Amino acid sequence: MTAPARRPARDLALVAVFAGVIAALGLVPAVFVPGFPAPITLQSMGVVLAGAVLGARRGFLSVALFLALVAIGLPLLSGGRGGFGVFTTPYAGFLWAFPFAALVVGLLTERRGAPYQVRYGIPFNVVGSLVLYLGGWISLMTLGGNAPAAALALLAIYIPGDLVKMVVAALVARGVHSALPDLLPPRRTADEPVDVTA
């Protein structure tokens, strides 16, 4: 299996573009549920989409760039939030997990290879969403002082909407890969030897 040749200039552009996509999704009004301090936003969809479209390395870097901009004070999170303080709230674990969710989705997507298929993309995105939930669960316990079961209960409200977002992300990723088919390595057939020198 031959991986697409790296093109640093294009890679940098894609990383920057997807950081902007995640920021733009923060402009969509968030949904606040009474009793739940973390709003329901579309930015988690942008995170898994970065991995699904860009792959592991570029997806991770695009989300890391987005978080770096948030950390220095740019109001890029939903509701115009920004600054280092957002990384210390009980729900900050979602943010900590952002780049790792993109990384996991990207690794799974690259392993499957081109062409991108929605039937695989959806479960890959769900795995990435579980990474986000793990981060949120940990911070709800460590920073929020919640018991493990109580922390899980606080996360339950987000599941239905997140499932919809993971499906939409897979559909969008399929469209992008149809237009840019060289973003993923080609799928290796069962009888094709692995090139250990690549």
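Me: What covers the buried residues of H6?
Reply: In this predicted model, helix H6 spans residues 148–155, and its buried residues are Ala 151, Leu 154 and Leu 155. Seen down the axis of H6, these residues fall within an arc of 100 degrees, so they line one face of the helix. The cover over them includes helix H4 (92–112), helix H5 (118–142) and helix H7 (159–179).

Me: At roughly what angle do the axes of helix H2 and H7 cross?
Reply: Two packed helices are described by the angle between their axes and the distance between the axes. For helix H2 (residues 43–54) and H7, the axes come within 9 Å, and the crossing is right-handed. The crossing angle is roughly 35 degrees.

Me: How do the residues of the contact of H2 with H7 divide into nonpolar, polar and charged?
Reply: On the H2 side, the residues in contact are Ser 44, Met 45, Val 48, Leu 49, Ala 52 and Val 53. Their partners in H7 include Asp 162, Lys 165, Met 166, Val 172, Val 176 and His 177. The residues of this contact divide into 11 nonpolar, two polar and two charged.

Me: Is His 177 buried or exposed?
Reply: His 177 is found in helix H7, and, leaving aside neighbours within four places in sequence, it is in contact with Ala 52, Val 53, Tyr 116, Leu 183 and Leu 184. Its relative accessibility is 6%, and the cut-off for burial is under 20% relative accessible area. His 177 therefore counts as buried.

Me: Which residues is Gly 135 in contact with, leaving aside its neighbours within four places in sequence?
Reply: Gly 135 has its place in helix H5 and is buried, with a relative accessible area of 10%. From Gly 135 to Trp 96 is 39 residues in sequence but 6.6 Å in space, C-alpha to C-alpha. With neighbours within four places set aside, the residues in contact with Gly 135 are Gly 93, Phe 94 and Ala 97.

Me: Is the peptide bond from Ala 114 to Pro 115 cis or trans?
Reply: Pro 115 has its place in the loop between H4 and H5. Omega for the bond from Ala 114 to Pro 115 is near 0 degrees, and the bond is cis.

Me: Over residues 149–173, how far apart are the end C-alpha atoms?
Reply: The unreviewed UniProt entry places the feature "transmembrane region" at several spans, among them residues 12–32 and 149–173. Residues 12–32 are 67% helix and 0% strand, with end C-alpha atoms 34 Å apart. Over residues 149–173 the chain is 88% helix and 0% strand, and the end C-alpha atoms are separated by 34 Å.

Conventions
Residues are numbered from 1 along each chain as its sequence is written. This is a predicted model: local features need pLDDT of at least 70, side-chain atom pairs count only at pLDDT 80 or more; totals for chains, interfaces and linings use all residues. Side-chain values use heavy atoms; hydrogens and water are left out. Buried means under 20% relative accessible area, exposed over 50%, partly exposed in between (1.4 Å probe, protein chains only). Helices (H or I, at least four residues) and strands (E, at least two) are DSSP runs, numbered from the N terminus. The arc is that of the directions from the helix axis to the C-beta atoms. Contact means heavy atoms within 4.5 Å. Axes are lines fitted to C-alpha atoms, for helices over the stretch in contact, and angles run from 0 to 180 degrees between N-to-C directions. A crossing is left-handed if the near helix is turned anticlockwise from the far one by less than a right angle, and right-handed if clockwise. Ala, Val, Leu, Ile, Met, Phe, Trp, Tyr, Cys and Pro count as nonpolar, Asp, Glu, Lys and Arg as charged, and the others, Gly among them, as polar. UniProt positions are given in the numbering used here, feature names are shortened, and annotations may be inferred rather than shown by experiment.
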